[in-house]
Number of protein chains: 2
Amino acid sequence: MMMKKNKKGLLTVISGFSGAGKGTIVKKLISEHNDYALSVSMTTRKPREGEVNGREYFFVNHEDFEKTIAEGGLIEHAQYCDNYYGTPKDYVFNMLDAGKNVILEIEINGALQIKKKFPESLLLFITPPSAEELKRRLVSRGTETMDVIEKRLSRAGEESEGIEAYDYIVVNDDLDKCVEDIQRIVEDAHLSPVRCKDFIEDIRNELKAFSKGEK
Amino acid sequence: MMMKKNKKGLLTVISGFSGAGKGTIVKKLISEHNDYALSVSMTTRKPREGEVNGREYFFVNHEDFEKTIAEGGLIEHAQYCDNYYGTPKDYVFNMLDAGKNVILEIEINGALQIKKKFPESLLLFITPPSAEELKRRLVSRGTETMDVIEKRLSRAGEESEGIEAYDYIVVNDDLDKCVEDIQRIVEDAHLSPVRCKDFIEDIRNELKAFSKGEK
């Protein structure tokens, strides 16, 4: 009701431990709810087998990436292992204006840049119910060596230091429940004062008009 | 799942314009959900007709109220029109420990004291869909003079300046929807990092133990 003016979409960041199931969650969210859109990142890393330009990533070279930064074409970017990753601005803004909640699946450095630039953005951190369960999932994939798994767990330890920067922690224990939680949190988030500034301003102006006897 | 350790109740402040329907909302919330409890305030104002000591308020004299303040027996208090109003500590703490979400129906000064002392508390501001509708409701009660109504609207104007201090704005347009919104927001609030410190600490410690090779 109140949100008519604010029915712009919500810029929603999803981060979480590697192995938390972010990819699956996001896919389910997008496929089941047409008011969500997934932002596709730009990267300088080489495409892996099966990856399609414009679907997993926009694959570009270093020069083009840096040109895009210089032109202000990214709302956040970061470097990992000598490669750039970033979020193209235009798609995000267009989708938000069209009323879509835009999902950015990015890491904490990017998440913090987003929160700083867009205080009305929503930061969600996805985690398994315990570290034990995280380890179990990484091991049971069977695709990684113990060495890689240990690196991921150690990286998870680092990432866990940043959790307080997030607005909500969502436990991925049951996939359906997790997607429902996210959807509910996004719905609620529209009711936070930082996201209904127009409504607050309208009601203040109306109340002022009353006390001036204009109405 | 994750919240087992944190299944303490949530300290929930409900404020809002006079005429927003707070009383009705709170009554419905409490009567329909047995995981909510309503805190009864202490006051020095005289009971009105039909008010029962311990139900609407704990009615005490100035001396006893000041003694309670001095003993640290209130988690917030404020003065309006020469009378004290405050929230007794013991009931709130006992109910929270018992897992109840404790509702405090208090004004902004009290709300700000609560947020300062208990950062994990949740502050909700109830409003009609517009100032126009607020006026209409106050007028249609038929119990107040235009003079009183204008004072209330002017007071609402003042109150509206504090809205940003609240975590969420809940519009009371449809009563059922409003109560549902509150319930959902309270449920989500348990997932905010400030309210799942134990969970975060556990996962950090577990991850640390992994990298020390303890597990």
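Interface and sheet

Author: 37 residues of chain A are in contact with 37 residues of chain B; contact means that the C-beta atoms, placed from the backbone, lie within 7 Å. This is a predicted model, where local features need pLDDT of at least 70, side-chain atom pairs count only at pLDDT 80 or more, and totals for chains, interfaces and linings use all residues. Residues are numbered from 1 along each chain as its sequence is written, with chains lettered from A and ligands numbered from 1 in the order in which they are written.

Reader: Which element gives the most to the side of chain A that touches chain B?

Author: Elements here are DSSP runs numbered from the N terminus: helices are H or I with at least four residues, strands E with at least two. Those of chain A that give two or more residues to this side are α5 (131–141), α6 (146–160), β9 (168–171), α7 (175–189) and α8 (197–211). The top contributor, with eight residues, is α8(A).

Reader: How many residues on that side of chain A are nonpolar, polar and charged?

Author: Ala, Val, Leu, Ile, Met, Phe, Trp, Tyr, Cys and Pro count as nonpolar; Asp, Glu, Lys and Arg count as charged; the others, Gly among them, count as polar. On that basis, the side of chain A that touches chain B has 20 nonpolar, seven polar and 10 charged residues.

Reader: At what angle do α7(A) and α7(B) pack?

Author: Axes are lines fitted to C-alpha atoms, for helices over the stretch in contact, and angles run from 0 to 180 degrees between N-to-C directions. The axes of α7(A) and helix α7 (residues 175–189) of chain B lie 10 Å apart, and the angle is about 115 degrees.

Reader: Which residues make that contact?

Author: The contact residues divide into two nonpolar, no polar and four charged. From α7(B) come Arg184(B), Ile185(B) and Asp188(B); from α7(A) come Arg184(A), Ile185(A) and Asp188(A).

Reader: Why is one side of β2 and of β9 in chain A left without a neighbour in the sheet?

Author: Five strands of chain A form an open, parallel sheet in the order β2-β7-β1-β8-β9; strands pair if DSSP finds at least two bridges between them. β2 (36–38) and β9 stand at the edges, so each has a single partner strand.

Reader: Which residue of β8(A) is the bridge partner of Gly16(A)?

Author: Strand β1 (residues 11–16) and strand β8 (residues 122–127) of chain A pair in the parallel sense over five bridges. In β8(A), the partner of Gly16(A) is Ile126(A).

Technical notes. Two residues are in contact if their C-beta atoms, placed from the backbone, lie within 7 Å.
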